[in-house]
Each structure stands twice: as C-alpha cells, then as structure tokens.
Amino acid sequence: MTKVKIGLVQMSCTNDKEANLQKAIEKVREAAAKGAQIVCLQELFTSLYFCDVEDYENFKLAEPIPGPSTDSLSKVAAETGVVIIASLFEKRAQGLYHNTTAVLDADGTYLGKYRKMHIPDDPAYYEKFYFTPGDLGYKVFKTKFATIGVLICWDQWYPEAARITSLMGAEILFYPTAIGWATSQDDATNTEQYNAWQTIQRSHAVANGVHVVSVNRVGLEQNGLMKFWGGSFVANPFGTVMYQASPDKEEVHVMELNTELSDRYRTHWPFMRDRRIDSYQPITKRYIDED
C-alpha cells in the first residue's frame with residue numbers, strides 16, 4: 001500500500017495507570033472510527049511523566065513487554081484493524097528497565113519492540129536514573145499498512161538515528177514524545193525551544209525523504225511546574241508541516257499519507273544517491289581531536 005491513514009493521539013495523563021490505558025484505548029478506537037490504519041500514542045502514556053524526580057517507587061510503574069498493556073492493546077488492534085504504536089516503561093529483569101515502544105499489527109500480532117537509544121539527563125528529565133540505553137539497535141516494523149520506523153523523544157535530536165532507520169527501509173518515522181516547558185520560563189524561550197524541536201524533526205524528513213510523525217503529550221504536570229507543550233505534527237518528505245496540533249488541548253487527528261511520494265522527493269533531490277559513505281567513518285568517534 002502506498003496510501004495509509006495515520007492517527008495521532010495527543011492526550012493528558014493522570015497518576016492512575018489503568019485509567020490512562022483505558023483513555024488511550026478509547027482514543028485509539030476514536031482514531032479507528034475516523035479511518036486511521038496506524039495509530040501512534042505518546043511517550044509513556046500510561047503514567048504521568050515520572051522522570052522529574054529520582055524516586056525508587058516509580059519503578060513499580062514498569063511492566064514486561066509483551067505484558068498486560070500490550071495484551072490489552074493487542075485485543076483493541078485486532079478489534080479495530082489498526083496498527084498501534086505503544087510507548088511503555090519496560091521491566092526487562094530485576095534492576096533492568098528500558099524506555100520502550102511496542103508495535104502491534106492490525107490483527108493484534110505483537111511485531112516487536114524498540115528500546116530508546118539516547119537517554120537524557122536534564123533538570124526534570126532524569127531518565128538515566130530509570131532507563132538503560134537500548135541494546136536492540138534501530139528497528140523497522142513491517143506492518144499491514146506500511147514499513148515504519150519508531151524512535152523515541154530524545155532520539156529526535158540525532159540525525160544518525162533517523163538516517164539509519166530510514167536506510168533500513170522505514171517509509172514513515174514515528175516519534176512518541178514527552179517534552180514540555182517549565183511554567184516559570186518566558187514565552188520567547190518557549191517559542192524558541194518548540195521551533196528547534198520541530199525544525200530538527202522536519203530536517204529528518206528532508207534529509208531522508210520520508211514522512212515524520214511526532215506525537216507529544218499535553219497538560220500541566222509536576223505540581224504545575226511543567227507544561228507539556230503538545231504541538232504534535234506531521235511533516236512530509238520536504239519538511240512541510242501538514243498538520244500541527246494545539247499546544248494545550250487533547251486531540252485525535254487522522255490524515256492520509258502517500259508513501260510513494262518518497263520516490264519523487266528522493267529523485268528530485270537525490271540526497272540518498274549522493275551520500276559519500278566512503279567518507280563517514282570519523283562520525284563513529286566521540287570527538288575528532290587534532291592529534
């Protein structure tokens with residue numbers, strides 16, 4: 001298939017894990033009713049964004065993958081006939097946890113998982129306390145409707161991740177995300193940060209000739225100190241923003257993408273053809289020192 005309808009679920013969360021899961025399921029069904037074939041949920045949608053503090057109690061939010069949440073979502077995928085991209089807190093083993101996204105095919109089949117490769121550590125984003133860096137490498141998933149690549153939030157800032165996933169055959173790049181502003185921050189800085197976040201992802205679309213779909217959460221969290229900025233969007237292979245969600249409202253949006261356009265963009269601006277793969281070995285170094 002070259003034409004595929006994708007659904008973005010942008011929502012707020014509470015501290016009730018089961019309620020968040022059921023809310024997400026309702027919104028998947030809503031997207032399916034609007035014609036969606038692939039539905040992407042935001043990062044860590046079954047909970048509040050808990051990485052604002054280093055608290056051992058938060059490890060209790062984790063679960064195996066496959067596990068309870070993927071079992072529930074598999075039933076919904078089979079019932080509605082949609083592919084579901086589900087970002088979850090994975091308990092791999094005692095003391096070993098990942099920030100992981102599972103992909104469920106349209107018949108409910110569990111296709112596999114991607115573990116977040118780039119793990120941030122910033123004020124209110126203490127992810128290194130919770131998450132072991134991914135060890136599965138970059139992944140693509142051959143779903144009923146399209147071959148998709150999945151990356152997660154902080155991965156958004158790394159062109160290498162988008163490039164490798166695209167080179168593996170991804171027709172669409174999906175980014176489940178949880179990013180926001182400190183409510184103490186000024187509007188000019190907020191605007192600058194959002195623009196940078198969107199621009200880097202639009203550049204991945206241009207450089208790789210693929211659609212990019214980024215799905216973020218909304219709402220005040222961390223006792224009102226953090227406002228997740230929503231702004232979920234879709235960019236075409238030239239980086240044009242085809243849709244952008246509200247900064248503060250829940251939304252379920254469905255739109256049709258034509259993956260065949262990648263061939264047109266890649267032949268008119270043939271970045272893939274002109275890559276000098278013989279010259280890129282230095283990029284595997286942390287820093288290129290003079291000596």
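Reply: In helix H3, which spans residues 159-167, the buried residues are Ala161, Ala162, Thr165 and Ser166; buried means under 20% relative accessible area, exposed over 50% and partly exposed in between, with a 1.4 Å probe and protein chains only. Viewed down the axis of H3, these buried residues fall within an arc of 125 degrees, so they line one face of the helix, the arc being that of the directions from the helix axis to the C-beta atoms.

This is a predicted model, in which local features need pLDDT of at least 70 and side-chain atom pairs count only at pLDDT 80 or more, while totals for chains, interfaces and linings use all residues. Residues are numbered from 1 along each chain as its sequence is written, and side-chain values use heavy atoms, with hydrogens and water left out. Helices (H or I, at least four residues) and strands (E, at least two) are DSSP runs, numbered from the N terminus.

As for what covers the buried residues of H3, the cover includes strands S6 (140-142), S7 (147-150) and S8 (172-176), together with helices H4 (187-208) and H5 (261-268), where contact means heavy atoms within 4.5 Å. H3 is followed by Gly169, whose phi is positive, near 110 degrees.

For another element, consider strand S1 (residues 3-10), where 6 of the 8 residues are buried, so S1 is largely enclosed by the rest of the structure. S1 pairs with strand S15 (residues 251-258) in the antiparallel sense over 8 bridges, pairing being assigned if DSSP finds at least two bridges between two strands. Within S15, Glu256 is the bridge partner of Lys5.
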